[in-house]
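The following note is meant for a student who is reading a protein model for the first time. Please keep the sequence and the structure in view while working through the numbered points.

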Amino acid sequence: FMDHTVRSNIKIGAVVNVVQKQDQGTGKLTQGVVACILTNSPNHPRGIKVKLESGIVGRVQEIIG
């Protein structure tokens, strides 16, 4: 189980579940492939912000592979 709050655990091309800004209230997750990492700090308590290949931006909640 990889820590989703640590930037170095998230790689371009990894499959992840993210929560989008509008879904933070419900916790609805969206799965996708990381296109770029938007968080610059080495870690973030709510999850590292990424952009998926689909164009969706969200915070990583789970790293799948």
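How many helices and how many strands does the protein have? The points below begin with the answer and then follow the chain.

1. **Basis of the note.** This is a predicted model, in which local features need pLDDT of at least 70 and side-chain atom pairs count only at pLDDT 80 or more, while totals for chains, interfaces and linings use all residues. Residues are numbered from 1 along each chain as its sequence is written, and side-chain values use heavy atoms, with hydrogens and water left out.

2. **Elements.** The protein has 0 helices and 4 strands. Helices (H or I, at least four residues) and strands (E, at least two) are DSSP runs, numbered from the N terminus. Read from that end, the order of the elements is β-β-β-β. The radius of gyration of the protein is 10 Å, close to the 11 Å that the globule rule gives for 65 residues, so the protein is as compact as a globular protein of that length. Here the radius is taken over C-alpha atoms, and the rule is 2.2 Å times the number of residues to the power 0.38.

3. **Strands β1 and β2.** Strand β1 (residues 15-19) pairs with strand β2 (residues 29-37) in the antiparallel sense over 5 bridges. Two strands pair if DSSP finds at least two bridges between them. Valine 15 has valine 33 in β2 as its bridge partner.

4. **Strands β2 and β3.** Strand β3 (residues 49-52) runs antiparallel to β2 and is joined to it by 3 bridges. Valine 34 has leucine 52 in β3 as its bridge partner, and cysteine 36 stands opposite lysine 51 in β3. The covered face of β3 carries Val50 and Leu52, whereas Lys49 and Lys51 are on the uncovered one.

5. **Strands β3 and β4.** Strand β4 (residues 57-63) is antiparallel to β3, and the two pair over 3 bridges. In β4, arginine 59 is the bridge partner of lysine 49. With 4 residues between them, β3 and β4 form a hairpin, and glycine 55 in the turn has a positive phi of about 95°.

6. **Glutamine 31.** Not counting residues up to four places away in sequence, glutamine 31 touches Val15, Val16, Asn17, Leu52 and Ile64, where contact means heavy atoms within 4.5 Å.

7. **Glycine 13.** This residue is found in the segment before β1. Glycine 13 has a relative accessible area of 43% and is therefore partly exposed. Apart from its neighbours within four places in sequence, glycine 13 is in contact with Val33 and Val34. The C-alpha atoms of glycine 13 and glutamate 53 are separated by 8.6 Å, although these residues are 40 apart along the chain.

8. **The whole chain.** Buried residues make up 35% of the 65 residues. Of the contacts between residues at least 6 apart in sequence, 48% join residues at least 24 apart. Taken along the principal axes, the C-alpha atoms fill a box of roughly 25 × 25 × 20 Å.

Key:
Buried means under 20% relative accessible area, exposed over 50%, partly exposed in between (1.4 Å probe, protein chains only).
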